[in-house]
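Please keep the sequence and the 3D view at hand while reading.

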Amino acid sequence: MTHPTTTAAAPPARDPARLAAQYDAFHTARARTPLVARLYATAMGEDYPGEVAASSSCDWPLLGLMAMRLRMRPGRILVDAGCGTGGVGLWLARALAARLIGFDLSPVAVAQATARRAHFLAPAGRAAFRVAELDATGLPDGCADGVVCVDALSLAADRGGAVCELGRLLAPGARLVLTRALRRSAEPVWEDQARAAGLILEHVDERPHEPAMWERLYRLWIDHADQIRHELGDVQAERMLSEAHRMLPALPGRRAVLLTLRRPPTVPIPLAVADRMTGPGRPDDGPANSERTPQ
């Protein structure tokens, strides 16, 4: 889900209904004015992908890196987990000639993403969006040939559980690419979470310019506080400004990365099943990337 920031202000209890209402309000307010997009564009400079218009750290370098790491063949299914208004997934689906399934906890974001399909894809039916959560997607096992998750995992109450859920969607050999951030002094838990999800940690790509982008953006929010209040309203302005003041001191110690996690290409056969198999002459259909369309 694309969000106002990578660490959007959220209630301690992580109440999904309350979070959904907050993001509904944000996306509704943003749709009324180009101000938020303008501030992101100023903070990112030439790296801002205006067509995508994501409220996240997604820039041109990240889009190119994700497309490369996914390694998807044309016609396969890409899932955009926490899609927000859909720009990231729609851009990748067009670039990769893929079909797209996106989900987000905000019904307003899902409606806006659905309305943007025709701008990116023809036919627009190559993309479908739905309301769901990171740790309860409602999608079938192995339905995805690639999953992307940008700046959304921080909203999951159980990040390890969310990684397991997203990993469950991967067909054999498929990849999950997701952004993560932590304090430089902290010990990463990525490998443990990948192992628990039955995935291989294939790449850790550093994003050294991401913290500086957020610093520029937060300072722009503070400098344009009056305009933000005028165009987005007091509630949205206070949430954004509170986050800016809270996050700015932590940015110098921030490490941002893109992780690539892969489902092993073959699935181990349970011993009980192996015992019933015939000898070497038995045809081996083998697992293949699924092209099932989730219901």
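A residue is called buried when its relative accessible area is under 20%, exposed when over 50%, and partly exposed in between, with a 1.4 Å probe and protein chains only. The model is predicted, so local features need pLDDT of at least 70 and side-chain atom pairs count only at pLDDT 80 or more, whereas totals for chains, interfaces and linings use all residues. Residues are numbered from 1 along each chain as its sequence is written, and side-chain values use heavy atoms, with hydrogens and water left out.

By the burial criterion, Tyr40 and Trp214 are both buried. Their rings belong to the aromatic pairs, of which a search of the whole structure finds four. Rings of Phe, Tyr and Trp (for Trp, the six-membered ring) pair if their centres lie within 6.5 Å; planes under 30 degrees apart count as stacked, over 60 as edge-to-face and the rest as tilted. The rings of Tyr40 and Trp214 have centres 6.4 Å apart and planes at 80°, so this pair is edge-to-face. It links distant parts of the chain: Tyr40 lies in helix 2 (residues 35-44) and Trp214 in helix 9 (residues 210-223), 174 residues apart. Helices here are DSSP runs of H or I with at least four residues, strands are runs of E with at least two, and both are numbered from the N terminus.

A further edge-to-face pair is formed by Tyr218 and Trp221, because their ring centres are 5.4 Å apart and their planes stand at 75°. These two residues are three apart in helix 9, and therefore separated by about one helical turn. Tyr218 counts as buried at 1% relative accessibility, and Trp221 is buried with a relative accessible area of 1%. Ring pairs link Tyr40, Trp214, Tyr218 and Trp221 into a cluster.

Helix 5 (residues 107-115) shows burial along a helix face. Ala109, Val110 and Ala113 of helix 5 are buried. They cover an arc of only 100° around the axis (taken from the directions from the helix axis to the C-beta atoms), which puts them on the same side of helix 5.

Charged side chains come next. Side chains of opposite charge can pair when their charged atoms come close. A salt bridge is a side-chain nitrogen of Lys or Arg within 4 Å of a carboxyl oxygen of Asp or Glu, and a search of the whole structure finds 13 of them. In one of these, Asp141 pairs with Arg168, the closest N and O atoms being 2.5 Å apart. This pair also links distant parts of the chain, with Asp141 in the loop between strand 3 (127-131) and strand 4 (144-149) and Arg168 in helix 7 (residues 159-168), 27 residues apart. Asp141 is partly exposed, at 48% relative accessible area, and Arg168 is partly exposed at 25%.

Arg168 also forms a salt bridge with Glu165 (2.8 Å, N to O). Arg168 and Glu165 are three residues apart in helix 7, so about one helical turn separates them. Glu165 counts as buried, at 11% relative accessibility.

Another salt bridge joins Asp192 and Arg195 (3.0 Å, N to O). Both lie in helix 8 (residues 190-196), three residues apart and thus separated by about one helical turn. Asp192 is partly exposed at 49%, whereas Arg195 is exposed at 54%. Salt bridges that share partners join Asp141, Glu165 and Arg168 into one network.
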